[in-house]
Amino acid sequence: MKNFIKISVLFVMLGISAICFPAGGQFISNTKHNLSKSGSYSIKSGAETEICVFCHIPHGAKAAIPLWSQEMTTSSYTAGQLYDSDYLYRFGYTLPTTLGSLPNEAGYISRLCLSCHDGTVALGSVTMLRGISATPGTPIIGDVSGTGTTAHYLSAQSSAYIGTNLKDDHPIAIQYDATKTKSFGSGTRTIELNNSAPSINPSPPYPRVQLHKPSGGNVQGHVECTSCHDPHNDTNGQFLAAAKLNGTLCTTCHQKAGWGASIHKTSGAAINNPGGDNMTIPGNTLAEAACLACHKSHSGNGTPYLLRKIEENSCFNGTSTSCHSSSATTTKNIESVITKTYKHPATTIGGVHTNLDVLYPTGGTPAGSKGLQWSDSKHSECVDCHNPHKASNTPARLAGGSWYPASVDSTSNQTAKSGALIGVTGIDPGVSAGGSTTVSTPASWPAKWTQVSTYRTLESAGLEYQICLKCHSSYALGNASSTPISTYSSLSDPTNVYFTDVAWEINPNNMSGHSLVTGLSNFPNASAPKALSAAQMKSPWNTSLGTQTMYCSDCHGADAETSTDTKGPHGSNRKFMLKGAGQYWPKKSDYATYWRLNITDGADANMFCNNCHPVYSGAWQNNVHSSATHVANNYACVECHVVVPHGTKRSRLIGYSYNVSDTATIKPYNDNNSMIKIQGFKKAAGPTSYIKTDCVTTCHTPNGTNCGSSCDP
Amino acid sequence: MKVGAKKKILIVGLMILSMLAMAVVAQGGVLNSKHDLSKAGGTIGVCSFCHTPHQASSVVGADGVMVKPLWNRSLQSLNTYSMYDSPTLSAHPGAGTVPSTVSLMCLGCHDGISSYAGSESPAQSKHVLLNIGGSKFTMNIAGGYDADSNVNCRGCHDSMATNQNLKMGWWYNDGLGIYEKDTASGIDLTDDHPISVSYTAAATAKAGQFVAASGQLVGTLPLYNSKVECATCHDPHKTTNGYFLRTTNAGSALCLTCHIK
């Protein structure tokens with residue numbers, strides 16, 4: 001009998017506990033999805049007590065799954081109203097053209113949510129209320145209202161309002177396929193999605209991120225609203241299935257290569273959110289904000305790619321002091337430099353950039369998309385040169401206050417030297433298939449002073465110039481036929497700076513040039529001595545002679561990189577974004593007076609070449625410059641040297657004038673098409689070994705006794 | 001305190017009897033409920049539409065369970081049912097699933113199939129009661145309906161213009177009555193809460209989404225062989241909560257008895 005009583009008592013206790021602690025009530029009843037009169041939030045019914053009834057019904061369910069009762073939205077959600085991106089298209093994704101209306105169709109599950117959230121069906125429009133059918137069009141629970149509703153409809157004033165245009169919302173009704181890849185000429189990029197079924201649909205505890213049928217199961221199921229949201233559980237806020245902080249929810253699926261080491265993922269810098277996106281950035285630090293510092297899964301201003309703001313504005317982030325706005329600290333302030341007079345046009349050209357444009361330089365894939373060609377797709381966005389998911393502030397190639405690296409060697413042109421350039425796409429004619437992207441073989445480049453006909457696209461540029469060439473070469477400029485510039489001259493920018501085919505110029509098969517691709521000793525066509533002597537170079541460039549390499553941005557950058565400007569060639573107050581102590585070439589700071597061969601100019605710290613080459617520092621460094629006659633004639637530098645000194649067909653950046661059809665002398669290499677006096681040149685055995693006959697010019701007569709056929713062709 | 005075993009049985013027996021009596025006569029019981037198909041002055045009592053003290057059916061369902069208690073009808077067994085299923089369901093009933101016997105007894109009326117055929121064929125006719133006055137009884141419309149019959153046709157039917165004109169306004173008020181929609185593929189239960197699915201399997205597969213069962217109870221709601229059946233939510237004799245619900249659904253309390261949402 002004791003047991004009998006004990007059991008009786010136990011049952012009574014169970015009964016009491018069941019009454020006092022209704023099971024599960026701590027969840028949906030405390031959320032905004034409790035539209036019953038017991039709800040704690042603004043939008044609710046004044047009379048209806050049942051909670052589940054606003055969505056579900058146990059018998060006679062309208063759409064059956066999951067026992068659905070709310071009237072379904074009939075919005076069409078056709079193509080054009082759904083998220084679309086060239087990126088997905090180019091990866092071979094099949095983009096949905098509508099949201100399904102039947103339980104076995106993709107998009108059906110999302111349509112359930114949209115029955116309230118697209119604002120076209122009144123809240124409380126359930127099929128039936130306790131056995132009484134509703135009159136279609138009239139909400140049978142007719143008193144659901146509150147802030148964010150208009151006549152029982154969810155309105156655009158509500159943060160829960162999605163509307164009928166889903167272009168700025170994370171794709172739904174889309175089949176998840178982590179196996180998609182994109183091949184580059186060198187390297188392969190995956191869609192960067194989690195390919196592990198257990199992680200995508202992890203075991204309980206609930207809630208969790210999940211994919212949905214109708215096809216493919218866990219790994220190739222479909223993404224729907226309920227992939228990220230759990231309408232019954234608001235533990236994480238916004239009914240999210242996982243936490244927003246640290247990108248936990250997003251990274252369940254999106255596993256961006258290199259993200260873990262990126263500064264955007266790891267920075268403990270305080271996040272400063274100026275607002276304005278209708279959704280604050282979560283967390284206290286950049287690391288905590290993670291994906292949501294830049295992206296907004298619904299109703300962002302930057303489409304596609306679900307950016308918070310349009311293109312570069314996402315990077316600036318308004319007046320945020322923790323991002324790249326003009327309010328940010330010197331080391332991060334991009335907005336101030338990229339809006340200077342001479343700049344990459346991130347802020348002035350918009351709506352052109354597409355991800356993977358390096359693979360589709362002529363655009364048109366998908367139809368209507370732009371590419372890289374300057375004729376119709378000229379642009380430059382932050383992400384053309386930076387990979388925000390991989391970028392880091394380490395290593396820093398340049399120390400604070402420095403124009404150049406502390407030391408240089410054969411690896412000084414590698415992107416690995418600069419965390420800011422990690423994982424950026426590029427092109428190169430000299431990288432072999434499957435080979436290292438840091439090795440560009442001269443033999444694979446075209447013959448000297450000819451146009452590159454075949455570039456290899458690189459998933460991840462190994463050398464800095466490979467990034468620059470995406471635009472600054474015939475790859476973007478178009479086929480230039482016989483000259484590196486002729487067809488581009490009409491493409492001069494408003495500041496009358498001509499764009500040239502830099503690939504043509506830095507070709508290591510040229511006889512002279514700057515060592516962007518490889519060390520000068522590796523230039524097969526260069527005459528000995530290939531490199532300059534130590535005395536002809538300034539620190540740090542006076543070491544590793546012949547093997548040293550460099551960045552394009554060793555010469556091009558912000559004019560105040562050593563003080564107030566963020567480093568890098570974003571923008572400058574100087575033409576050609578020339579940087580260093582001297583920032584003027586080929587003319588002085590008045591942009592009118594040529595630099596000339598005299599001691600004053602040769603020692604002038606404002607002269608650009610003087611940054612690395614001691615043109616005159618108590619003495620001239622070669623006997624051509626020191627020639628009393630030359631100095632007495634006060635020759636302009638560009639009367640012998642090409643005006644665009646990236647590289648030339650002849651030794652020592654000398655230009656010829658004798659044949660105007662010769663590509664080496666065509667403007668802008670022969671400044672103003674009239675300056676150069678040289679008609680033939682032969683490099684001497686040393687800087688002080690030059691004799692008159694090494695040069696063919698109108699100054700020296702007779703020509704016949706000069707280098708003649710032994711001149712550089 | 002010590003009570004003899006016989007006394008214990010007596011106590012329990014009395015409790016059961018009193019409960020049964022309460023179910024019939026007390027407020028909220030079956031009397032005068034929609035399950036009371038008897039007619040004033042009629043010869044068939046309220047209980048007899050479902051139960052009989054003798055000659056009850058001994059039919060055994062697909063699950064090996066015999067109809068009970070003292071069932072005065074045969075069992076629906078000729079029909080196939082399309083069961084509810086969803087991608088998020090852990091305990092899929094599977095194709096061709098026949099509901100458990102305990103639910104088939106409800107569906108014997110509520111599935112809307114096997115309506116009156118004018119005779120005892122099919123044997124499972126909703127109009128056949130196994131023992132009325134010692135013999136099988138067929139509710140027959142031959143002599144006119146309702147006004148003169150000894151059963152209350154109007155208990156189920158609005159009119160007899162067609163045999164589908166079941167009474168409206170019970171639960172499924174679409175003009176077709178309370179029965180389930182009949183389709184070519186069988187009786188459509190796809191828009192109804194799953195039945196004959198293992199609660200414990202679902203609760204195990206989706207930990208945290210279901211209140212744990214204690215034996216054959218989830219809170220106050222009964223399971224049958226650990227499965228959810230019609231009678232898990234409904235008590236055919238109880239009307240206090242409306243819709244023969246076992247507990248009130250105010251605040252969706254009935255739903256939340258099982259579902260942790």
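Modeller: What follows takes the labels one at a time, for a model that is predicted.

Biologist: What makes H386(A) partly exposed?

Modeller: The label needs a count of C-beta atoms within 10 Å that falls between the two cut-offs, where 20 or more would be buried and 12 or fewer exposed. H386(A) has 19 such neighbours inside 10 Å, and therefore counts as partly exposed.

Biologist: Where is H386(A) found, and which residues is H386(A) in contact with, leaving aside its neighbours within four places in sequence?

Modeller: H386(A) sits in the loop that runs between α12 (382–385) and β10 (426–428) of chain A. Contact requires C-beta atoms within 7 Å, and on that criterion H386(A) is in contact with A391(A), A420(A) and V424(A), once neighbours within four places in sequence are set aside. As for G419(A), 33 residues apart from H386(A) along the chain, the separation between the two C-alpha atoms is 9.5 Å.

Biologist: Why is helix α2 of chain B described as largely enclosed by the rest of the structure?

Modeller: The helix spans residues 101–110, and eight of its ten residues are buried, so the description of α2 of chain B as largely enclosed follows from that count. The buried residues of α2(B) are T101(B), V102(B), S103(B), L104(B), M105(B), L107(B), G108(B) and H110(B), and what covers them includes α4 (230–233) of chain B.

Biologist: How do you know that domain 1 of chain A touches domain 2 of chain A, and which residues of α15 and β12 are concerned?

Modeller: The domain assignment of chain A gives domain 1 as 385–582 and domain 2 as 584–713, with 23 Å between their centres, taken over C-alpha atoms. The contact takes 31 residues from domain 1 of chain A and 30 residues from domain 2 of chain A. On the domain 1 side, α15 (502–506) and β12 (512–513) of chain A each supply at least two residues, and α15(A) gives the most, with three residues.

Biologist: How many residues of that side of domain 1 of chain A are nonpolar, polar and charged?

Modeller: The side of domain 1 of chain A that touches domain 2 of chain A divides into 13 nonpolar, 14 polar and four charged residues.

Biologist: What share of the residues of chain A count as buried?

Modeller: Of the 713 residues of chain A, 48% count as buried, in a chain that has 17 helices and 16 strands. Among contacts in chain A with a separation of 6 or more, residues 24 or more positions apart account for 56%.

Technical notes. Residues are numbered from 1 along each chain as its sequence is written. Chains are lettered from A and ligands numbered from 1 in the order in which they are written. This is a predicted model: local features need pLDDT of at least 70, side-chain atom pairs count only at pLDDT 80 or more; totals for chains, interfaces and linings use all residues. Helices (H or I, at least four residues) and strands (E, at least two) are DSSP runs, numbered from the N terminus. Two residues are in contact if their C-beta atoms, placed from the backbone, lie within 7 Å. Domain bounds come from an automatic or database domain assignment. Ala, Val, Leu, Ile, Met, Phe, Trp, Tyr, Cys and Pro count as nonpolar, Asp, Glu, Lys and Arg as charged, and the others, Gly among them, as polar.
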